[in-house]
Amino acid sequence: HPTHDHKSVFVLSIQKLIHPAKQTACFTSIIMARMEGNIERSKALKRKNKKLFPACLVLLGVSVYVYIGFRMRQIHKKEKYKLITFVEKPKLPHGHSDIKNLPEHIFHSCPSSLSSKKKLSQSAAKKAVNGAYLQKKQEGIRPGFVYVMDAIMDTAKQQNQSVVMVQLGGMDGRDGDPLYKMAVKGKKSLEHWYPIVFEPVPHNFRKLKSTYESHSQERQLKCYALFNQLISYSHDESGGAFSQCSFCHFNHTSDDPKCQNWPDWKKQELGSIECERQWLQKCYVKDSLVCSTVGAAIKVLSILPSDVSVLQIDVEGYEAVVLTNYLNITSPSDYSPVIHFENKILIGRNQYEPVQSLLKSKGYELYESRTDTLALLVTP
């Protein structure tokens, strides 16, 4: 029976054919006597059940036959299911891009037929943000990141366009990633999402790549770009858009017991462009990594600041530098309607208030949670 496991089938087949009392005498007693080495008792039990013993052996063979047949049917069903799954959800090519001569630190996956798909305009995104903002304001509830994201994604779906989201500090795409928790988890389709993710730590970047390949298979994510680089506003751009910067991150190859005992979040999250900081001296390694401004990086994908609907920032205390330069360099008409960033380190360094004042002066409404801030560019 399909609801029974193999053990149930084995037991039921014997119980149907042999009375429980006879079954105990025939199998249990004789076999136990044999196992205990009590040959005389085993022979005595055989003589006592002389007529029943051959039948027991035959029925045992039948039970084994039933069991094997049941297991083979299970295996056949599994293989059949795998085949059906493969046919219904064929694997999509990863890393395919119609953009030629991309630098090696960029992983871009977007079929040619979709690369020219129209991006959701900032005006449409702002309209969606304002609608969400006013709806929650009337209800007396502050708008959350999830609610705002859903409003933007619904608008993109209605217009059959892609929402461009830039994320600085992607981690592995799951753990500690607010975009995964608030924009990806639970979603069946990400067809209208175009994430551009920056992650400098090589160990995290390898996991990030695997995560997004999984999204393309399981959640219909069509286009995405991953940058294994730093964001910097102090490097020399005279040689081109990309330069080299020093970057310190956890040394995953270290055998030092003190380093190995560090919690996982510390190993994955902590890194800095400021390698002279004292806490980086013991368990961290200094690398040279590609760096650029946000605008210069996304330009190689033919993405402009005016295409970006959401900007997510989690760069371990570098948020003040990134936000200040982004708002000062970018034209006000091209500001992202939604900015979400981590604030806990800024508060600890007394850098949060200047960032608050700057965002408000640019027209953003701020909503704070325990460790993050949501900035919405709303129309009065």
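The following dialogue examines a predicted model through questions and answers. Residues are numbered from 1 along each chain as its sequence is written, and side-chain values use heavy atoms, with hydrogens and water left out. In this predicted model, local features need pLDDT of at least 70 and side-chain atom pairs count only at pLDDT 80 or more, while totals for chains, interfaces and linings use all residues.

Student: How many helices and strands does the protein have?

Tutor: Helices (H or I, at least four residues) and strands (E, at least two) are DSSP runs, numbered from the N terminus. Counted in this way, the protein has twelve strands and 15 helices.

Student: What percentage of the residues in the protein is buried?

Tutor: A residue is buried under 20% relative accessible area, exposed over 50%, and partly exposed in between (1.4 Å probe, protein chains only). Of the 380 residues in the protein, the buried ones make up 44%.

Student: In what order do the eight strands of the open sheet stand, and which strands are at its edges?

Tutor: Two strands pair if DSSP finds at least two bridges between them. The pairing in this open sheet is mixed, and the order is 1-4-3-2-9-10-12-11. Each edge strand has a single partner strand, so one side of each is left without a neighbour in the sheet; these are strand 1 (106-109) and strand 11 (364-368).

Student: At about what angle does helix 13 run to strand 10?

Tutor: Axes are lines fitted to C-alpha atoms, for helices over the stretch in contact (heavy atoms within 4.5 Å). Angles run from 0 to 180 degrees between N-to-C directions. Helix 13 lies across strand 2, strand 9 (308-313), strand 10 and strand 11, and its angle to strand 10 is about 160°.

Student: Within what arc do the buried residues of helix 13 fall?

Tutor: In helix 13 (residues 319-329), the buried residues are Glu-319, Ala-320, Val-322, Leu-323, Tyr-326 and Leu-327. These residues line one face of the helix because, seen down its axis, they fall within an arc of 165°. The arc is that of the directions from the helix axis to the C-beta atoms. On the other side of helix 13, the exposed residues are Asn-328 and Ile-329.

Student: Which elements are included in what covers the buried residues of helix 15?

Tutor: Helix 15 (residues 352-361) has Tyr-352, Val-355, Gln-356, Leu-358 and Leu-359 as its buried residues. They cover an arc of only 165° around the axis, which puts them on the same side of helix 15. Glu-353, Pro-354, Lys-360 and Ser-361 are exposed on the other side. The cover over the buried residues includes helix 13, strand 10, helix 14 (344-348), strand 11 and strand 12.

Student: Which residue forms a salt bridge with Lys-187?

Tutor: A salt bridge is a side-chain nitrogen of Lys or Arg within 4 Å of a carboxyl oxygen of Asp or Glu, and the structure holds three of them. For Lys-187, the closest N and O atoms of the pair are 3.3 Å apart, and the partner is Asp-150. Lys-187 lies in the loop between helix 8 (178-184) and strand 3 and Asp-150 in helix 7, so the pair ties together parts that are 37 residues apart in sequence.

Student: Which side chain of opposite charge is nearest to Arg-219?

Tutor: Arg-219 is found in the loop between helix 9 and strand 4. Lys and Arg count as positive and Asp and Glu as negative; His and the chain ends are not counted. Arg-219 is buried yet has no salt bridge, and at 5.1 Å the nearest side chain of opposite charge is Glu-218.
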